[in-house]
Amino acid sequence: MTVEIAQPAPAVQSADETTGEASSADEAFWEEPGASDHGDAAGSGLDIVAQGTSSEVVAPSASSEVVAPSASNDIAQDARDFGAYVRAGGWSFALKVARSVRPGGEAAGETPKISAKDFAELAGCSPERVMRYYKAWDKAADDGLVPYFEALAPGQDVELPDSDVWHSYYVSRSSASSDRGTAIAAAAEAEGIRPTKALEVAENPTALRAAILADPSTAQAARAALLDRVKEDPALQTELARDIARTDDLKKAVATETQAASRIGYVRQIVENGQVKTPAGQTIDAPAELRAEAERHLSLIDELDEGEDTGEWATDAYDTVKDLVAQTVQANPELRLQERRTKFYSSLQKATKVFEELTFDDVDDLDTIYEDDMLQRLEELQEAVGMCITALRKAAPTS
């Protein structure tokens, strides 16, 4: 059946303007608005109805029964409310609050409006929710988008802003007024998302955990966010380091990645500085062949996709460069001699340091720590040192 819907009536009045009780329309629509649906339907619902465009309504039953006039009126009212909400979003609810709730500082006898508490009782919701709409309107009034409360009377209609800007003023959670909520809202705006979404996630960490555990892309986003935050949060750095140190699998993974990074750094140093360290620790200029091979391997590593395992590539590059360094040392007699000298002196320094730490100055009763093996090893060490001294004395140039 085709139903001709007449020109829409004015917006539904607040409950205190009519019977003093919440109307069925207000009860039905007094819900926390989420993201407004303003796709293809935006700006079309109420316009179509207002122009009297024919709208075909099918009864729920299988047979084509004629819709009763009362049902048609209900449908027309729903369509009008829907069209108004599509265009205005939460502003349509905020207007009900703005024209019906007393501004702060006005006594009950000075205005026909009622308190937020009384309005909430009539609406069947909390005063806190009413005040969130109140504050959203107040902010918009300061920006010149809507009239101030004092300029509005119960039942008065005004032109409302577009629904797209509603979430710039409305905060659906009281936590947003706290320092923590303010920081979250600011970060959300910097990321280009609505603060309400970020606040919702922050208030439900269990849901965030579930999403991270179940969805790899969410886990990646969380990892990237943690890495960004850890740069400016020393406490979080310490906590993450402690967690890694206490988890064997993570410790192994960190050790593996550290080794790969160190090997890549060794190869990169050759390419960028043109120098390389020999196994004994001396720094030499890298031959052109060595430098070209290092550059080739480094370019292969740099072309890997983000997140791709670099361990195998790093090992291959490191082993190749290391072999070329050894060949370079062996091919140059002077360099080979210097390498032996550097290696011997390095070992001597290490042995000296270790022996210097081996002291009995702080032990009053040596008999308590004595072991036959200790004495035997020291005697063998003394013999080895004596042989080294003898060999070096023979090699010393005569004066």
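Q: Which helix gives the most to the negative patch?
A: Helix 14 (residues 311–331) does, with four residues. The patch gathers E257, D305, E308, D309, E312, D316, D319 and D323 on the surface. Patch residues have over 30% relative accessible area and no salt bridge, and like charges are joined within 9 Å. A salt bridge is a side-chain nitrogen of Lys or Arg within 4 Å of a carboxyl oxygen of Asp or Glu. Asp and Glu count as negative. Helices are DSSP runs (H or I, at least four residues), numbered from the N terminus.

The model is predicted: local features need pLDDT of at least 70, side-chain atom pairs count only at pLDDT 80 or more, and totals for chains, interfaces and linings use all residues. Residues are numbered from 1 along each chain, and side-chain values use heavy atoms, without hydrogens and water.

Q: Why is E257 called partly exposed?
A: Its relative accessibility is 44%. Buried means under 20%, exposed over 50%, and partly exposed lies in between (1.4 Å probe, protein chains only). So E257 counts as partly exposed.

Q: What makes W91 and W137 an edge-to-face pair?
A: Rings pair if their centres lie within 6.5 Å; planes under 30 degrees apart are stacked, over 60 edge-to-face, the rest tilted. W91 and W137 are 6.2 Å apart, centre to centre, with 70 degrees between the planes. Both are buried.

Q: Why is the pair of Y134 and F149 called stacked?
A: The ring centres of Y134 and F149 are 4.1 Å apart and the planes are at 10 degrees, so the pair is stacked. Both Y134 and F149 are buried.

Conventions:
Patch = residues over 30% accessible without salt bridge, like charges linked within 9 Å, V, L, I, M, F, W, Y side chains within 5 Å. Areas by Shrake-Rupley, 256 points an atom, 1.4 Å probe, with all protein chains shown as cover. Charge placed at Lys NZ, Arg CZ, Asp CG, Glu CD. Helix = DSSP H or I, 4+ residues; strand = E, 2+ residues; numbered from the N terminus. Phe/Tyr/Trp six-rings, centres within 6.5 Å; stacked < 30°, edge-to-face > 60°.
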